[in-house]
Amino acid sequence: MKPTPPDVPWGVIDRIVATVAPRTAARRYAARVAIANLRRGYDAAARGRGTDGWRAGSTAADAEIAVAGGALRDRMRDLVRNDPLAAKAVQVLVSNIVGTGIRPRAAAADPALNKLADDLWKRWAQRADADGHTDFHGLTALAVREMIEGGEVFALRRRRRASDRLAAPVQIQLNEADHLDGAKFGNRPDGGRIVQGIEYDALGRRRGYWMFPDHPGDAMPVFGRRFESLRVGADGVAHLFERQRVQNRGVPWGVPAMRALRELGDWQTAELVRKKIEASMVGFVFGADEDQQSIAPVVQDADGNRIEQFEPGLIGYVRNGKDIKFNTPASTSGIYEWNRVQQHIISAGFRVPYELMTGDLSQVNFASSRVGLHEFRRMVEAVQWQVVIPMFCQRIWDWVMEAAWTAGALPQPEIAVEWAPPRFESVNPLQDVTADLMEVRAGFSTPAQQIARRGYDPREVVEEWQKYATLFDQLGLIFDADPRRVSRAGLAQTEGISAQSGNGEAK
C-alpha cells in the first residue's frame with residue numbers, strides 16, 4: 001500500500017511570492033512539504049472528526065480486568081445460557097481443544113518406570129475429581145469450558161489420606177474465577193504484594209492465592225457461608241487462562257463478539273414480534289352503528305370488546321370509520337444475507353469457523369472447508385500446547401507423581417511425560433492415512449507418534465498387537481492387516497515367512 005502524500009495547500013502567500021520569485025516560492029513550498037512529512041504519523045492515531053468518540057486508554061491489562069472482569073464474566077455466562085450461537089461456539093471450542101481427552105505418556109529413560117507411571121496414572125485418573133463427578137478428562141473439559149466462558153479457572157490440589165485408597169493420595173478440585181478475592185490488595189513486610197487476590201514475592205513470582213472457600217454467588221443461607229478469603233499456596237493451584245497481553249488474569253474468549261451477539265438477538269426478537277403482529281392482524285373494519293360513535297376512534301373485535309392484544313386471524317372494528325382495509329405485511333428481502341454477515345462477525349469474535357458455529361455449509365466446498373479447518377486447527381493446537389498442557393495438564397501430572405512417590409508407589413517424584421492431544425477427524429481419511437504412512441516410512445515420524453496423535457497409548461497398541469499376532473499364528477490365520485504376512489500391495493511377505501520357517505521355503 002502506497003503512503004498517502006501530505007496534503008499541503010497552496011496558499012495566498014505562495015501565490016504572491018510565486019508571481020515575483022518563482023524559485024523562492026518553490027523552495028518555500030518544498031520546505032512546507034518537508035515539515036508536513038516530519039509531522040505525519042499513523043492515520044489511526046490522528047485526532048479529528050473521523051476519530052471523535054474513540055476512547056482508548058493506556059491502562060495496564062490487569063487494571064482493565066479489575067474494572068470490567070466481573071461484568072464480562074456475568075454477561076458471557078448469560079449469553080451462553082440463553083443465546084444458541086454463544087452456546088454452540090463454546091461447545092465447538094471445548095470439543096476441539098479437549099475432545100475425548102489430552103492423554104499423557106511417561107517418557108523416562110527406564111521402560112519399566114514408564115509402564116509403572118502410566119498404569120498408576122490411569123488408575124488415578126478415574127477418580128481424579130475431588131467432587132466425585134467425573135475423571136481427569138472430564139475435569140480438563142470443564143476447566144477449558146470455564147476458561148473460555150469465564151476467562152479463567154483454578155485447579156486446587158487436595159491431598160488425601162491413604163485410607164481413601166487412591167492410586168495417588170491427591171485429587172483435583174475446580175474453582176470458578178469468582179472464588180478469587182479480586183478486591184484484596186496490599187503490601188507484605190518482605191517486599192511482596194497482593195494484587196487482585198494474587199500474592200507475589202519481591203521478585204514478582206506467584207506464591208499464593210486469596211480465595212473464598214464458598215462461591216460468593218451461592219444460594220446457600222447467608223449465615224452458613226464464609227465471606228473471608230483464605231490464603232492458598234501457589235504450589236497447590238493451577239491457574240488456567242489465556243494471556244493476550246502481559247496480564248495475570250483472564251477474560252472470556254467471546255468478549256469481541258458480545259455486543260454483536262446481544263444486538264443480533266435483540267434484532268431477531270424485534271423482527272419476530274413484528275412478523276407475529278403482521279400475521280395476526282388481518283385488517284380493520286371502518287363503519288359502526290351510530291349509537292356506538294364517540295369522539296375518539298376505538299378498535300374493537302366482533303363482540304364489542306376492546307382489542308389490547310393481537311391474535312391470528314383478528315379483524316379489528318374501528319368506530320366512526322367508513323371503510324375496511326386489509327393489512328399488507330412488508331417484505332423483508334435480504335434478511336438472510338444480513339443475518340449471515342452478522343453471524344460471520346460473531347464467529348470471528350469467538351475464533352470459530354462460521355460453518356461450525358451455525359451448521360450452515362451452503363457457502364463452502366470441499367477445498368474451502370479444508371482451508372478453513374486447517375487454520376482453525378492451528379489455533380487449537382497453539383492453545384493446547386501453549387496454554388492447556390503447560391498451565392493445567394503438566395501441573396497435575398507433577399502433583400500426581402509427587403504424591404505417588406510420597407506414598408511409596410513410585411521410586412522418584414519427577415518423571416518426564418509426553419502429551420497427546422486428541423486427533424482431528426479427517427476430512428479425507430484415505431489421503432491422510434496415506435500421508436501418515438509415508439511420513440513413518442520416510443523417517444519423519446515414528447509409529448508411536450502417529451498412534452499417540454490418534455489418542456491411543458502406543459505401548460498398549462503394540463502389546464495388543466503382539467497378543468493377537470501370537471493368537472493369529474497359533475490358529476494359522478493370515479489377514480491383510482498383518483504386515484508380517486502381507487505387504488502393502490496385498491502380496492505375501494515371502495522373505496519374512498521364509499525366515500520364520502527356518503528352511504528357506506515359504507509355508
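A: **Charged pairs and their strands**

R205 counts as exposed, at 51% relative accessibility. Here, exposed means over 50% relative accessible area, buried means under 20%, and partly exposed is what lies in between, with a 1.4 Å probe and protein chains only. This is a predicted model, so local features need pLDDT of at least 70 and side-chain atom pairs count only at pLDDT 80 or more, while totals for chains, interfaces and linings use all residues. Residues are numbered from 1 along each chain as its sequence is written, and side-chain values use heavy atoms, with hydrogens and water left out.

What does R205 pair with? R205 and D201 form a salt bridge, and their closest N and O atoms are 2.9 Å apart. A salt bridge needs a side-chain nitrogen of Lys or Arg within 4 Å of a carboxyl oxygen of Asp or Glu. Side chains of opposite charge can pair when their charged atoms come close. D201 is buried, at 13% relative accessible area.

Next comes another pair. D190 and R207 form a salt bridge, with 2.7 Å between the closest N and O atoms. This pair links distant parts of the chain: D190 lies in the loop between β4 and β5, R207 lies in strand β7 (residues 206–211), and 17 residues separate them. Helices (H or I, at least four residues) and strands (E, at least two) are DSSP runs, numbered from the N terminus. Both partners are partly exposed: D190 has a relative accessible area of 46%, and R207 has 23%. Neither stands alone with the other. A network of salt bridges links R188, D190, E199, R207 and R231.

Now place these residues on the strands. An open sheet of five strands runs in the order β4-β5-β6-β7-β8, with antiparallel pairing. The edge strands are β4 (186–187) and β8 (230–233), and each pairs on one side only. Two strands pair if DSSP finds at least two bridges between them. Take β5 (residues 193–195) and β6 (residues 198–200): they pair in the antiparallel sense over three bridges. R193 stands opposite Y200 in β6.

Look beyond this sheet to strand β2 (residues 152–159). Six of its eight residues are buried, so β2 is largely enclosed by the rest of the structure. With strand β3 (residues 170–176), β2 pairs in the antiparallel sense over seven bridges. There, V153 stands opposite E176. With strand β9 (residues 237–241), β2 also pairs in the antiparallel sense, over five bridges. A155 has A238 in β9 as its bridge partner.

Back to the charges. How many salt bridges does the structure hold? It holds 24. One of them joins the side chains of R28 and D14, at 2.2 Å from N to O. This pair also links distant parts of the chain: R28 is in helix α2 (residues 22–39), D14 is in helix α1 (residues 12–20), and they are 14 residues apart. R28 is partly exposed, with a relative accessible area of 33%, whereas D14 counts as buried at 2%.

Rings are another kind of contact. The whole structure contains eleven aromatic pairs. In one of them, the rings of W121 and W124 have centres 5.0 Å apart and planes at 40°, so the pair is tilted. Rings of Phe, Tyr and Trp (its six-membered ring) pair if their centres lie within 6.5 Å; planes under 30 degrees apart count as stacked, over 60 as edge-to-face, and the rest as tilted. W121 and W124 sit three residues apart in helix α5 (residues 111–125), so about one helical turn separates them. Both are buried: W121 has 4% relative accessibility, and W124 has 1%. Together with F136, F392, W397 and W419, W121 and W124 form one aromatic cluster.

Last, a helix to trace by eye. Helix α11 (residues 429–442) has 14 residues and reaches 20 Å from its first C-alpha to its last, close to the 20 Å expected at 1.5 Å a residue. The expected span is 1.5 Å times one less than the number of residues. G443 follows α11, and its phi is positive, near 85°.
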